[in-house]
Amino acid sequence: MIRFFRTIRQNLLAQGRITRYLAYAIGEIVLVMVGILLALQVNNWNDSRKRARLEEATLKELRTNLLVDIKDFKEDMRIYGIVSRSAAILIDFIDGAIPYHDSLNVHFGNVPAQGVFTPNKAAYENLKATGIDLISNDTLRAALSDLYEGRYHYMQGYMDTEYQFDHQTFGDYYLKEMKEYDFFRSAVPVDPERLIGDQHLRNLITHRKQKLEGWFKRQFEISIRQAEKVIEMIDKELAP
């Protein structure tokens with residue numbers, strides 16, 4: 001093809017047809033430019049397709065992670081419900097409303113139990129590495145950032161602090177008052193009678209119970225609703 005064009009140019013020059021040669025040369029330039037523009041358009045189209053496929057795969061991965069988070073949050077709430085009920089039973093024991101029995105050892109083990117807030121951030125971290133602007137929907141992009149950088153970050157910081165506090169306070173007390181203990185399994189008092197009327201222990205347990213039934217429960221419920229809302233937005237994006 002190149003040899004063909006070169007032959008045409010040489011013939012025009014040999015015949016002294018400068019005007020026709022110039023017109024041909026301009027046409028050839030235009031043809032080359034059109035070819036370049038078409039190649040760029042095809043390349044851009046291919047890039048857009050690749051980006052769209054990557055966005056779709058990322059949204060699906062985010063959706064899967066969020067479903068796992070919601071399941072974990074609900075399980076945490078279930079466990080904290082068990083801990084709260086154990087706290088209520090132990091308060092009755094400390095107040096002298098019920099006698100000591102070996103079954104209380106399970107409740108003594110339950111009360112200090114503290115979960116660790118570990119949402120699945122794998123897909124979101126990959127998205128940040130790729131560039132969060134991969135998500136074309138501005139509202140969804142903002143919702144993802146608010147959930148992971150806002151709510152999850154806030155809860156993780158608070159719960160890490162609470163974990164250290166509860167682990168320390170109950171650990172110090174149990175080291176003195178329990179023969180043996182294994183959080184969320186069992187704790188055996190050295191002298192059960194000495195715990196009756198123990199205001200310090202009652203305060204520790206009451207504080208724990210109030211946190212579980214108040215802040216913990218409320219924040220997990222908010223996180224579940226927010227994660228569910230993001231899933232709804234993702235579903236709309238993925239809908240055909």
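Helix H5 (residues 138-177) and helix H7 (residues 199-238) have axes that come within 11 Å and cross at roughly 160°. Helices here are DSSP runs of H or I, at least four residues, numbered from the N terminus. The axes are lines fitted to C-alpha atoms over the stretch in contact, with angles from 0 to 180 degrees between N-to-C directions. H5 and H7 are therefore roughly antiparallel, a label for angles over 145 degrees.

This is a predicted model, where local features need pLDDT of at least 70, side-chain atom pairs count only at pLDDT 80 or more, and totals for chains, interfaces and linings use all residues. Residues are numbered from 1 along each chain as its sequence is written, and side-chain values use heavy atoms, leaving out hydrogens and water.

Next, the salt bridges. The whole structure has 15, each a side-chain nitrogen of Lys or Arg within 4 Å of a carboxyl oxygen of Asp or Glu.

Which residue in H7 pairs with Asp166 in H5? Asp166 forms a salt bridge with Lys211, at 3.0 Å from N to O. Asp166 lies in helix H5 and Lys211 in helix H7, 45 residues apart. Both Asp166 and Lys211 are buried, meaning under 20% relative accessible area with a 1.4 Å probe, protein chains only. A salt-bridge network links Glu162, Asp166, Arg208 and Lys211.

Within H7, Lys217 and Glu221 are four residues apart, about one turn of the helix. Their side chains meet in a salt bridge of 2.6 Å, N to O.

Technical notes: Helices (H or I, at least four residues) and strands (E, at least two) are DSSP runs, numbered from the N terminus. Angles under 35 degrees count as roughly parallel, over 145 as roughly antiparallel, 65 to 115 as roughly perpendicular and the rest as oblique. Buried means under 20% relative accessible area, exposed over 50%, partly exposed in between (1.4 Å probe, protein chains only).
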